[in-house]
Each structure stands twice: as structure tokens, then as C-alpha cells.
Amino acid sequence: MNPTDNDRFPADPARPHDDEHAQTSLRVLVLSGSSRTGSVNARLAALVAAQVGRAGAVAEAAALGDFPMSSYDGDAEADEGLPKAALDLCRRIEDAQALIIASPEYNASVPGGLKNAIDWVSRYSPQPFKDKQTLLVSASPSMVGGNRGLWALRVPLEHLGARVYPDMFSLANAHHAFTEASALADRELDDRLNATIGSFLDLVEADTRYLCLQRRWYEFLGDRTDAPVTSRAQD
């Protein structure tokens, strides 16, 4: 590394610097996008968190119900600022190197509560979705497994600069998909989920350790900054 590289590529304080322990020190926030008791997405999120832990990273589980907030209102924001729950969620996202969301599908789109949380969090500066490695999974009793909702969910997240992983995992017939031990009954599906999580964590590790993946991000061509190459910061 050249003497000037540290200036050109500022270190992210959330990134581990000990190469030997980089994989085990990765922190992943696994968020269930459902607040319903007994939700299949909550069960999928718990399974994902367990598999993240088995892969050697630290999984921090959370549910949308942990962050109750009213519908976004610009007047309320101007008068009172962001709700405490939105600030709490911001901090949880900031403290993790990666984010995994298990989201239901409502009418072939994003659940209103989850979209509302994203809208509130996006008002924080610097907003924490930017450059955050993100994996989307879903579960549904339907035959498409909530996949249409994940495609809709990609839109606001990618708009905010999240690096949404290309592969997504959707669990169809989810009300029959789990064993009594909360594992997946279908071995092939379980292998696929494990492979998806493993590949995602490999990318997160690379993004955490290798400076070459740091880059500028612009929403559109008119969005410019004179700041140095960014590392999860809003310019």
C-alpha cells in the first residue's frame, strides 16, 4: 500500500482491521419485516440468523415490531424530529457491516410498515442504507414465496444506495416448509439458502477488507461531490 492510500481511501471505523479475524467479526443485522405473531418471515429470519452464525459471522436479530413508529409525516419531522424508534433502527443498521431483510409480500409489493420504516430512516443524515451490503429473503404461503415483494423492495433500497445482492431467496408454501425444529424440511432448499448466505458473506467480507471495492455512488449524473472516495457516508 502506498503511503497516501490511507488518505485516498479513508478507513471505515465499523470495519474490522485484523485480517485473521475479519470473517468472524462481521456483524450482520437480520431484520424480520413482519410484526405479526407467528409470521413465517420471522421464522425464516431466525433460521437465517442461525445460519449466519454457523458461517462464522455475528448475527444480530431484530423485528419490525421492535421499532414502532407512526406513518411518515413531514410536518411531524419538522416539529419533533425523527422518532426514537427510527433513530434506534438507524443505529442498528450503522453498527452492522451487512443487512438481511426477511420481508412479507403484501399485494405483490412491499408491506406498508416496512416501507414506512425505510422512509423514516432515510431522513437520517448520513442515511445508513448507502453502500450497505444487503440480502433480501422472503417467505409466503403462496407459490411464488413473496418474490414479487422483494423486487419491489429493491427499488427504494437501491435508490438509497444500498448494494442489494443480486440473488434473493423466496420460500414458497412457507406454512408447510419448516420442521418442528424450525429447519427447512426440503434439503435442497436448505442447501440453496446456505449457499446464498455463504456467498453473500464472502462478498461482505471482501467489501469489509478490500479497499478496491470502495467507490463513489451517485443517484443521478447531477449528483456530484468533491469528497474523497466514500466509505458508507452520505456526502
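Q: How many aromatic pairs does the structure hold?
A: The structure, which is a predicted model, holds two aromatic pairs.

Q: What's the geometry of the tyrosine 72 and tryptophan 120 rings?
A: Their centres lie 4.8 Å apart and their planes stand at 70°, so this pair is edge-to-face.

Q: And which parts does that pair tie together?
A: Tyrosine 72 sits in the loop between strand 2 (58-63) and helix 3 (74-80), while tryptophan 120 belongs to helix 5 (residues 112-121), so the pair ties together parts that are 48 residues apart in sequence.

Q: Is tryptophan 120 buried or exposed?
A: Tryptophan 120 counts as buried, at 1% relative accessibility, whereas tyrosine 72 is partly exposed, with a relative accessible area of 32%.

Q: OK, what about tyrosine 165 and phenylalanine 200?
A: Their ring centres are 5.5 Å apart with the planes at 70°, so this pair is edge-to-face. Tyrosine 165 lies in the loop between strand 5 (163-164) and strand 6 (169-171) and phenylalanine 200 in helix 7 (residues 187-209), so parts 35 residues apart in sequence are tied together. Both tyrosine 165 and phenylalanine 200 are buried.

Q: Switching topic, why is strand 1 described as largely enclosed?
A: Because five of the six residues of strand 1 (residues 27-32) are buried, the strand is largely enclosed by the rest of the structure.

Q: Which strands does strand 1 pair with?
A: Strand 1 pairs with strand 2 in the parallel sense over six bridges, with valine 30 having alanine 61 of strand 2 as its bridge partner. Strand 1 also runs parallel to strand 3 (residues 98-102), joined by five bridges, and there leucine 29 stands opposite leucine 99.

Q: Where does helix 2 come in?
A: Helix 2 (residues 40-54) makes a right-handed β-α-β unit together with strand 1 and strand 2.

Key
Residues numbered from 1 in each chain as written. Predicted model: local features only at pLDDT ≥ 70, side-chain atom pairs only at ≥ 80, totals over all residues. Heavy atoms only, no water. Phe/Tyr/Trp six-rings, centres within 6.5 Å; stacked < 30°, edge-to-face > 60°. Helix = DSSP H or I, 4+ residues; strand = E, 2+ residues; numbered from the N terminus. Buried < 20%, exposed > 50% of the residue type's maximum accessible area, 1.4 Å probe, protein only. Pairing = 2+ DSSP bridges. Right-handed = clockwise from strand over helix to strand, strands pointing away.
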